[in-house]
Amino acid sequence: MARVRQERAEITRQAILDGAATAFDLSGFEGTSLSDVVKHAGVTKGALYFHFPSKEALARTLMDEQFQVSEHLPAVENPGLQTVIDLTHRMAHGLRTDVRIRAGIRLVIEFGSFTHPDPTPYDAWIDTCCSCLTPAQQRGDIHPSLDVQDLATLLVGAFTGIQVTSYVRTRREDIHTRVADLWNFLLPAIVPPQRITRFLATGTPEAAPPSPTR
């Protein structure tokens, strides 16, 4: 019986997160009320408060979910530059297909901008990129004169701008093309000429996994 209750509670929790993601994706943090979340989730306010004490708690949970895009990295045998290229395309794919990722990224931009700047998610992505770029540089795939921390910071900032611009202009229909443009322009500047053919600016086939079921 306890297991059944736990399973039902988890189903409700996931429904709340889906409802919150839909509401935040449509209206942002300030434009979303808990009543909106309840409406989209199909649950009661009591159920919502059982799992999440506040709207900010919901937002923080969704902001953290964006890092599921990189959860496969520990299994990558030799992470490197192509890993980072693929990661940008995975995130682009997630932004097009997963409302939770869209909502999480929108919330990151809102929380990390002007009113209450929070660099934590950006710093986490920079660290993730560095963890792949450092061994790439050690293998000779990145010019030894480059600072990988600076390169990672540039990449995170560039991707943030690209996805926002793509959303405004095409509702992200062109996001994979724009991400490929980033790499096509950047690779000749950071990779030794004799190694550049090793890398696919459009990402490997694994970079865009099947659309999520939720």
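This is a predicted model: local features need pLDDT of at least 70, side-chain atom pairs count only at pLDDT 80 or more; totals for chains, interfaces and linings use all residues.
Leu-81 touches Cys-132, Leu-133, Ala-136, Asp-141, Trp-183, Leu-187, Ile-190, Val-191 and Phe-199, when residues up to four places away in sequence are not counted.

**The nonpolar cores**

Leu-81 is one of the residues with the most contacts inside the largest nonpolar core, a set of 36 residues. Met-91, Leu-133, Leu-155, Trp-183 and Leu-187 are the others named for having the most contacts there. Five helices each supply at least two residues of this core: α5 (81–97), α6 (99–111), α7 (120–138), α8 (148–170) and α9 (175–190). Apart from this core lies another, of 23 residues, which includes Ala-23, Phe-24, Val-38 and Ala-47.

**Overall architecture**

The secondary structure consists of nine helices and zero strands, and the pattern along the sequence reads α-α-α-α-α-α-α-α-α. Taken along the principal axes, the C-alpha atoms fill a box of roughly 60 × 40 × 30 Å. The protein has 214 residues, of which 44% count as buried. Among contacts between residues at least 6 apart in sequence, 70% join residues at least 24 apart.

The protein exposes about 11,400 Å², and carbon and sulfur atoms supply 56% of that area.

**Helix α4 and its cover**

Helix α4 spans residues 55–65, and its buried residues are Lys-55, Leu-58, Ala-59, Thr-61, Leu-62, Met-63 and Glu-65. An α-helix has 3.6 residues a turn, so residues three or four places apart point the same way. The cover over the buried residues of α4 includes α1 (2–27), α2 (34–41), α3 (45–51), α6 and α7.

**Cysteines**

How many disulfides does a search of the whole structure find? The search finds zero. Cys-130 is in no disulfide, and the nearest cysteine sulfur, that of Cys-129, is 7.2 Å away. A disulfide would require the two sulfur atoms to be within 2.5 Å. Cys-132 is likewise in no disulfide; for this residue the nearest cysteine sulfur is also that of Cys-129, 7.0 Å away. Cys-130 is buried, with a relative accessible area of 10%, and Cys-132 counts as buried at 1% relative accessibility.

**Two helix residues and their surroundings**

Gln-149 lies in helix α8 and counts as partly exposed, at 38% relative accessibility. Leaving aside neighbours within four places in sequence, Gln-149 is in contact with Ile-126 and Cys-130. The C-alpha atoms of Gln-149 and Cys-129 are separated by 8.4 Å, while the two residues are 20 residues apart along the chain.

Leu-95 is found in helix α5. Is Leu-95 buried or exposed? Leu-95 is buried, because its relative accessible area of 1% falls below the 20% limit. Leu-95 and Gln-66 are 29 residues apart in sequence and 9.5 Å apart in space, C-alpha to C-alpha.

Which class of accessibility does Arg-171 fall into? Arg-171 counts as exposed, at 54% relative accessibility, whereas Arg-172 counts as buried, at 8%.

**Accessibility of selected residues**

The table gathers the values for individual residues.

| Residue | Relative accessibility | Class |
|---|---|---|
| Leu-95 | 1% | buried |
| Cys-130 | 10% | buried |
| Cys-132 | 1% | buried |
| Gln-149 | 38% | partly exposed |
| Arg-171 | 54% | exposed |
| Arg-172 | 8% | buried |

Conventions:
Residues are numbered from 1 along each chain as its sequence is written. Side-chain values use heavy atoms; hydrogens and water are left out. Buried means under 20% relative accessible area, exposed over 50%, partly exposed in between (1.4 Å probe, protein chains only). Helices (H or I, at least four residues) and strands (E, at least two) are DSSP runs, numbered from the N terminus. Contact means heavy atoms within 4.5 Å. Accessible areas come from the Shrake-Rupley method with a 1.4 Å probe; for residues, only the protein chains shown count as cover. A nonpolar core is a set of buried Ala, Val, Leu, Ile, Met, Phe, Trp, Tyr and Cys residues joined through side-chain atoms within 4.5 Å.
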